[in-house]
Amino acid sequence: MKYIEFGLGNTWLIRTETELEDGTEYEEKGIKGPVKIHSFYMRLWIGNTVFIFDLREGIKRVKKSRKEFKFILGLISY
């Protein structure tokens, strides 16, 4: 799957994170195609808490070990 993200807090303002079947992942600057839209999401990371608002999966709250501030709009692509 690919996660195409736009926002503050990542390495680049616009990036594509690709997750491979074996669980490894890598990120690239910009939008890398092909893009086949699966879902849209918004991620708000404040301190150790991440709020994820996903059109397909609904609202989730996740705890992380490191503290960050991020505001990300993204789409999930196959």
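## Strand pairing and the sheet

Two strands are taken to pair if DSSP finds at least two bridges between them. In this predicted model, strands S4 and S5 run antiparallel and are joined by 16 bridges, and one of the residue pairs that link them is Asp54 with its bridge partner Gly58 in S5. Strands of a sheet pair through backbone hydrogen bonds, either parallel or antiparallel.

Strands S1 and S2 pair in the antiparallel sense over 5 bridges, with Lys2 standing opposite Thr18 in S2. The hairpin that these strands make has 5 residues between the strands, and Gly9 takes a positive phi near 115 degrees there.

Strands S2 and S3 also run antiparallel and are joined by 5 bridges, and here Thr16 has Glu28 of S3 as its bridge partner. In the hairpin of S2 and S3, which has 5 residues between the strands, Gly23 takes a positive phi near 95 degrees.

## The aromatic pair

A pair of aromatic rings is described by the distance of the centres and the angle of the planes. The structure holds 1 such aromatic pair, formed by Tyr3 and Tyr41, whose ring centres are 6.5 Å apart and whose planes stand at 70 degrees, so that the pair is edge-to-face, the class for planes over 60 degrees apart. Since Tyr3 lies in strand S1 (residues 2-8) and Tyr41 in strand S4 (residues 37-54), the pair ties together parts that are 38 residues apart in sequence.

Both tyrosines fall under the 20% cut-off that defines a buried residue: Tyr3 counts as buried at 17% relative accessibility, and Tyr41 counts as buried at 7%.

## Leu75 and its surroundings

Leu75 is found in strand S5, which spans residues 58-77, and with a relative accessible area of 11% this leucine is buried. Leaving aside neighbours within four places in sequence, Leu75 is in contact with Lys2, Tyr3, Ile4, Val35, Ile37, Ser39, Phe40 and Tyr41, a list that includes Tyr3 and Tyr41, the two members of the aromatic pair. Leu75 and Trp12 are 63 residues apart along the chain, and their C-alpha atoms are separated by 16 Å.

## The largest pocket

Rolling a probe the size of a water molecule over the atoms shows where empty space is left. The largest pocket has a volume of about 530 Å³, and its lining is made up of 21 residues, of which Tyr3, Glu5, Glu17, Arg43 and Ile52 lie nearest its centre. The elements that give two or more residues to this lining are S1, strand S2 (14-19), S3, S4 and S5. Tyr3, a member of the aromatic pair, is thus named among the residues nearest the centre of the largest pocket, while Tyr3 itself counts as buried.

Notes: Residues numbered from 1 in each chain as written. Predicted model: local features only at pLDDT ≥ 70, side-chain atom pairs only at ≥ 80, totals over all residues. Heavy atoms only, no water. Phe/Tyr/Trp six-rings, centres within 6.5 Å; stacked < 30°, edge-to-face > 60°. Helix = DSSP H or I, 4+ residues; strand = E, 2+ residues; numbered from the N terminus. Buried < 20%, exposed > 50% of the residue type's maximum accessible area, 1.4 Å probe, protein only. Contact = heavy atoms within 4.5 Å. 1 Å grid on protein atoms, 1.4 Å probe; cavity = no way out; pocket = protein on both sides within 12 Å on 5 of 7 lines; lining within 4 Å. Points joined across faces, edges and corners; volume = space filled by probe spheres on them.
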